[in-house]
Amino acid sequence: QGHNVFGPDDPALCGTEILISLKLALPEVSKCLDFSYTRIVNIDCTYSIPFENSQVAQSVLEVIRNVRHRQLKLSQGFFAETVYFNKGSEHGCLAIYMKGQEVAKQLKDLIRSDREGCNKQLISVLSDPRLQDYAERRLRFEARLTQRKLKEMDIPTLWVDFCKLYKSEAAESRNLMQRLFWSKMRPLFEALEGSDVNIYNDDEV
């Protein structure tokens, strides 16, 4: 679809897209690989929350930046506009950011580097006003889990087995990706419960 603003959380579909991209980019290398042994080293489980507008979303992000919880350690990251917790942990970390800002930066970088028109299709997708409006009002909550965390939860790290587990849980109306997401994100939402958010409008004094 040309973007990661929204989409399915089916690991079989997502993983297949990654492996197809690898085969297309490195066909000779791919011939030497046995993809049945593909293992998950790290996995990001991401969901977004929509707000009335970007100002409200930004205000909520600032509240999150000031959260204090015994299981959460505010961390410095590569991107100043992203709030990180427990970065560098052997179990994984949390990242919360404005999705609209990420899309805008990605589009700007693509336009700057598109000297031969190779990025034309992706630029067209990210320039869609509907997509930009959808992203602009959303906070992305990203739970990053390491292989060690998966093993502690008794989750298979072999990609084929991971997909089978997802499918079996889905048959019972459960969602493995959401289970992993909440295993990391729950302390943050517990800390936010009952918090007040002050909304600042740059258009008004």
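This is a predicted model: local features need pLDDT of at least 70, side-chain atom pairs count only at pLDDT 80 or more; totals for chains, interfaces and linings use all residues.

**A chat about rings, cores and helices**

Biologist: Thanks! Which residue forms an aromatic pair with Phe 189?

Modeller: That's Phe 141. The two rings are 5.3 Å apart, centre to centre, with 45° between the planes, and the pair is tilted.

Biologist: Where do Phe 141 and Phe 189 lie?

Modeller: Phe 141 is in strand E5 and Phe 189 is in helix H9, so their pair ties together parts that are 48 residues apart in sequence.

Biologist: And is Phe 141 buried or exposed?

Modeller: Buried, as its relative accessible area is 3%. Phe 141 and Phe 189 also belong to one aromatic cluster, together with Tyr 47, Phe 181 and Trp 182.

Biologist: Nice. How many aromatic pairs does the structure hold?

Modeller: Five. Another one is Phe 6 with Tyr 134: their ring centres are 5.1 Å apart and the planes meet at 65°, so this pair is edge-to-face.

Biologist: Where are Phe 6 and Tyr 134 in the chain?

Modeller: Phe 6 sits in the segment before helix H1 (11-25), while Tyr 134 is in helix H6 (residues 129-136). They are 128 residues apart, and the pair links distant parts of the chain. Phe 6 is partly exposed, at 40% relative accessible area, and Tyr 134 is partly exposed too, at 29%.

Biologist: Switching topic: how many residues does the largest nonpolar core have?

Modeller: It has 31 residues, and Ile 64, Phe 85, Leu 139 and Leu 188 have the most contacts inside it. Strand E1 (42-50), helix H3 (54-65), strand E3 (83-85), strand E4 (92-98), strand E5 (138-146), H8 and H9 each supply at least two of the core residues.

Biologist: Which element gives the most to this core?

Modeller: H9, with seven residues.

Biologist: What does Leu 188 touch?

Modeller: Leaving out residues up to four places away in sequence, Leu 188 touches Ile 64, Val 67, Leu 72, Phe 85, Leu 94, Ile 96 and Phe 141. There is also a second, separate core of nine residues, with Val 5, Ile 123, Val 125 and Ala 135 among them.

Biologist: Which residues make the contact?

Modeller: From H8 you have Phe 162, Leu 165, Tyr 166 and Glu 169, and from H9 there are Leu 176, Met 177, Arg 179 and Leu 180. Sorted by class, this H8 and H9 contact has six nonpolar residues, two charged ones and no polar ones.

Biologist: What about the loops? Is Thr 157 buried or exposed?

Modeller: Thr 157 counts as buried, at 6% relative accessibility. Its place is the loop between helix H7 (147-152) and H8. Apart from neighbours within four places in sequence, Thr 157 is in contact with Thr 38, Arg 39, Ile 40, Gln 147, Leu 150 and Lys 151.

Biologist: Last one: where is Asp 114?

Modeller: Asp 114 is in the loop between helix H4 (99-113) and helix H5 (120-126). Its relative accessible area is 21%, and Asp 114 is partly exposed, since buried means under 20%. Again setting aside neighbours within four places in sequence, Asp 114 contacts Asn 119, Lys 120 and Ile 123.

Key:
Residues are numbered from 1 along each chain as its sequence is written. Side-chain values use heavy atoms; hydrogens and water are left out. Contact means heavy atoms within 4.5 Å. Helices (H or I, at least four residues) and strands (E, at least two) are DSSP runs, numbered from the N terminus. Ala, Val, Leu, Ile, Met, Phe, Trp, Tyr, Cys and Pro count as nonpolar, Asp, Glu, Lys and Arg as charged, and the others, Gly among them, as polar. A nonpolar core is a set of buried Ala, Val, Leu, Ile, Met, Phe, Trp, Tyr and Cys residues joined through side-chain atoms within 4.5 Å. Buried means under 20% relative accessible area, exposed over 50%, partly exposed in between (1.4 Å probe, protein chains only). Rings of Phe, Tyr and Trp (its six-membered ring) pair if their centres lie within 6.5 Å; planes under 30 degrees apart count as stacked, over 60 as edge-to-face and the rest as tilted.
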